[in-house]
Every structure is written in C-alpha cells, then in structure tokens.
Amino acid sequence: MAAVLENPENPENLTPAPDRAYFMAAAYREAEAAFDEGEVPVGAVVELGGRIVGRGHNCVEALGDATAHAEIIAMTAASNHVGGWRLNGCTLYVTLEPCMMCLGAILQSRLSAIVYGAKDGRLGGIDSFNYRDEALRSYRNFPAVASGVMEEESRELLKAFFKRLRTDQSA
C-alpha cells in the first residue's frame, strides 16, 4: 500500500516520500531487534534535518515498564540529542500506529510529523481511534501524518511474533 498523506493542509512537515522509506527501514530494523529480544516488535526513529537523532524499540518486558514503548524511547533519545524536550521540526517514524499514551507524548513534545507503517485497529490513537479533533481543540496543533509506509512488512513481523508466542505458550 502506498503512503497516504493524512494531513494535506500541512505537507511541508513531511519528509519527501522517497526518504520516508529510508527512515522507516531504520525503524523496522529496531522492530527486528525487539523481536529478537522477545518484545512486541515495534521500532521507531526520530529524524531531524535528514539525520536520525533518536532510536528505540519496545523494551516493556526488559525494563518492566509499561511506558517503554518504541516511540517513547526514540523521543527520549532525540530529546537528549537536541538538548531539550521540544522536538519541533522532527519526524517520528514508527512501524505501528502509536497508541493513545504515545500520542500524548508526541503532542507534548511538539513533533512536527508522524509516519507509521501498520494500523493498530485495537489500540491505535491516530487513525484507528481518531483523537485528532480533541487534540486540536486542546493543543491547537496536530502533527502531519503519513501512514502505510512498509505497512505489509511491519504487519507480517507482528504476526510472526504473536504466532511464535502462541506456539511457545502451547508447548
């Protein structure tokens, strides 16, 4: 599926489409690392000015921390890199649609754009459950959004993880 621009009135905040594949591939490699560590395989990178300034993958089990989502870890790394919590001008690339918790952190950090792979019909906070209107009312801003970048690969990695988990549990 081709990437879909979800916020056409704010396209200048989105990285050009050919570059999105490069950054999403980096996020996918983070998701593979999570898979290898027995974590739900979600990966994220934060891009600023064509460079990756933060990386992360799910570490919920390893850290025993429900907030250790890929997006949060990548945004923390990016904040450390830029020297502050404001991530204006940054784009978050993540293999799975961010949940409501991560969306709150995205809004608080003032990320300019979000590019994600697979939709999360159960917990997704961007398109699956649209909190955009409420966020616009509260924050008077919402990042530009593109979806569907490496969607199939991201979805298949998640399916493989949960299939392996079910197999391990039944053994």
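How many of the six residues of strand 2 (residues 43-48) are buried? In this predicted model, five of them are, so strand 2 is largely enclosed by the rest of the structure.

The protein chain contains six helices and six strands. Read from the N terminus, these elements follow the order β-α-β-β-α-α-β-α-β-α-β-α. The chain has 171 residues, of which 46% count as buried. Among contacts with a separation of 6 or more, 62% are between residues 24 or more positions apart.

Strand 2 is paired with two other strands. Its pairing with strand 3 (residues 51-57) is antiparallel and consists of six bridges. Within this pairing, E47 has I52 of strand 3 as its bridge partner. Strands 2 and 3 form a hairpin, with two residues between them. In the turn of this hairpin, G49 has a positive phi of about 60°. Strand 2 also runs antiparallel to strand 4 (residues 91-96), to which it is joined by four bridges. Here V46 stands opposite L92 of strand 4.

Helix 1 (residues 17-36) includes E30. The E30 residue is buried but forms no salt bridge. The nearest side chain of opposite charge belongs to R55, at a distance of 4.0 Å. Apart from neighbours within four places in sequence, the contacts of E30 are with G43, A44, R55, G56 and H57.

F35 is also located in helix 1. With a relative accessible area of 17%, F35 counts as buried, because the limit for that class is under 20%. When residues up to four places away in sequence are left out, F35 touches P41, L157, A160, F161 and R164. F35 and H57 are 22 residues apart along the chain, and their C-alpha atoms are separated by 9.2 Å.

In helix 3 (residues 70-82), S79 was examined in the same way. The relative accessible area of S79 is 18%, and S79 is therefore buried. Beyond residues up to four places away in sequence, S79 is in contact with G84, W85 and L87.

Cysteine pairing was considered last. A disulfide is a covalent bond between the sulfur atoms of two cysteines. A search of the whole structure finds zero disulfides.

Note on methods: Residues are numbered from 1 along each chain as its sequence is written. This is a predicted model: local features need pLDDT of at least 70, side-chain atom pairs count only at pLDDT 80 or more; totals for chains, interfaces and linings use all residues. Side-chain values use heavy atoms; hydrogens and water are left out. Buried means under 20% relative accessible area, exposed over 50%, partly exposed in between (1.4 Å probe, protein chains only). Lys and Arg count as positive and Asp and Glu as negative; His and the chain ends are not counted. Contact means heavy atoms within 4.5 Å. A disulfide is a pair of cysteine sulfur atoms within 2.5 Å. Two strands pair if DSSP finds at least two bridges between them.
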